[in-house]
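Colleague: I would like to go through this chain with you, one question at a time. Please show it first.

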Amino acid sequence: MSMRRLGALGALLAVALPAAAGAQSLGSRFADRFQPAASAIVALADHRVDAGLGFERTAGALFGVQGEVIPLEGTLLSIRALGGSLDTHNHAADPRDIGEVSATARWRLVPWLDARAGFTTRTFSSSLARQRWTSAAIGADLRMTMLEGRVEGTTGAQLLPLVRVSGHESPDVAFGASMALRYVARRYLVGLGYQLERYDFPTVAGERRLEEHSMLTLRAGYRFGRSTRASVD
């Protein structure tokens, strides 16, 4: 290798190595400041519809990911994406694919109570139609911790004041309930949760449409940064 090439390589390394070290340092400061976490999720979803023409039920496994950060003490922002297929459990329903993305913000009000707000977009696709749901929710969670905060249990309720469903009028009433159990070991976390949503639609031609969407989720994740425990989860 010529001296000119050696000099060029040396100059390139002189620029690249400090830049890489600076990027690593910036990443470390970001992780220490915001304590980001990344999780993989497996879920069992169940969708039930009663439109006056017989009970319809589809269910199946969903897979997805979740990311979260803690921008301020007592505040947690998260985003989750899930997708999969729901198979029919009777002849009145068609198999369908489902995909959803949700964003949630949580605030610690007191040690035993969190407030939360969220936005969800969910799409059902079948051989007959494609239906999109968008909703905004507000709610609260009661929480209890054990083993110095490493085990946390929550139970909560939410209202969905804004729900839009393509091809249907908005529901008259929409609400939900949830339960969760979380365990943190060093930087690793495991969570088990259950959530139920109920939608009551207006009566049309003497028929009232009711829908329920429930989901049992299992997630496993890793938290970055120096802190090994989140202040809100």
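Colleague: How many helices and strands does the secondary structure of the protein chain come to?

Modeller: This is a predicted model, in which local features need pLDDT of at least 70 and side-chain atom pairs count only at pLDDT 80 or more, while totals for chains, interfaces and linings use all residues. Residues are numbered from 1 along each chain as its sequence is written, and side-chain values use heavy atoms, with hydrogens and water left out. Helices (H or I, at least four residues) and strands (E, at least two) are DSSP runs, numbered from the N terminus. From the N terminus on, the order is α-β-β-β-β-β-β-β-β-β-β, and the count is 1 helix and 10 strands.

Colleague: What share of the 233 residues in the protein chain is buried?

Modeller: Buried means under 20% relative accessible area, exposed means over 50%, and partly exposed is in between (1.4 Å probe, protein chains only). By that rule, the buried share of the 233 residues is 37%.

Colleague: Is Ala-43 buried or exposed?

Modeller: Ala-43 sits in strand E1, which covers residues 37–50. Its relative accessible area is 1%. Because of that value, Ala-43 is buried.

Colleague: Which residues is Ala-43 in contact with, leaving aside neighbours within four places in sequence?

Modeller: Contact means heavy atoms within 4.5 Å. Once the neighbours within four places are set aside, the partners of Ala-43 are Gly-60, Ala-61, Leu-62, Met-215, Leu-216 and Thr-217.

Colleague: Which side chain makes a polar contact with the side chain of Gln-158?

Modeller: Gln-158 lies in strand E7 (residues 151–165), and it counts as buried because its relative accessibility is 16%. A polar contact is a pair of N or O atoms within 3.5 Å; within protein, one must be able to donate a hydrogen and the other to accept it, and residues adjacent in sequence count only if both atoms are side-chain atoms. Residues that Gln-158 touches, not counting those up to four places away in sequence, include Ala-137, Phe-175 and Glu-197. At 3.0 Å, the side chain in polar contact with that of Gln-158 belongs to Arg-116.

Colleague: What kind of aromatic pair do Phe-124 and Trp-133 form?

Modeller: Rings of Phe, Tyr and Trp (its six-membered ring) pair if their centres lie within 6.5 Å; planes under 30 degrees apart count as stacked, over 60 as edge-to-face and the rest as tilted. The whole structure has 5 aromatic pairs. Phe-124 and Trp-133 are 6.4 Å apart, centre to centre, with 75 degrees between the planes, so by the cut-offs the pair is edge-to-face.

Colleague: Which residues do ring pairs link into a cluster?

Modeller: Phe-124 is buried, and Trp-133 is buried too. Ring pairs link these two with others, and the cluster consists of Phe-124, Trp-133, Tyr-199 and Phe-201.

Colleague: Are Glu-68 and Arg-223 buried or exposed?

Modeller: Glu-68 has 4% relative accessibility, so it counts as buried. Arg-223 has 2% relative accessibility, so it also counts as buried.

Colleague: Which residue forms a salt bridge with Glu-212?

Modeller: Glu-212 is partly exposed because its relative accessible area is 28%. In its salt bridge, the closest N and O atoms are 3.6 Å apart, and the partner is Arg-198.

Technical notes:
A salt bridge is a side-chain nitrogen of Lys or Arg within 4 Å of a carboxyl oxygen of Asp or Glu.
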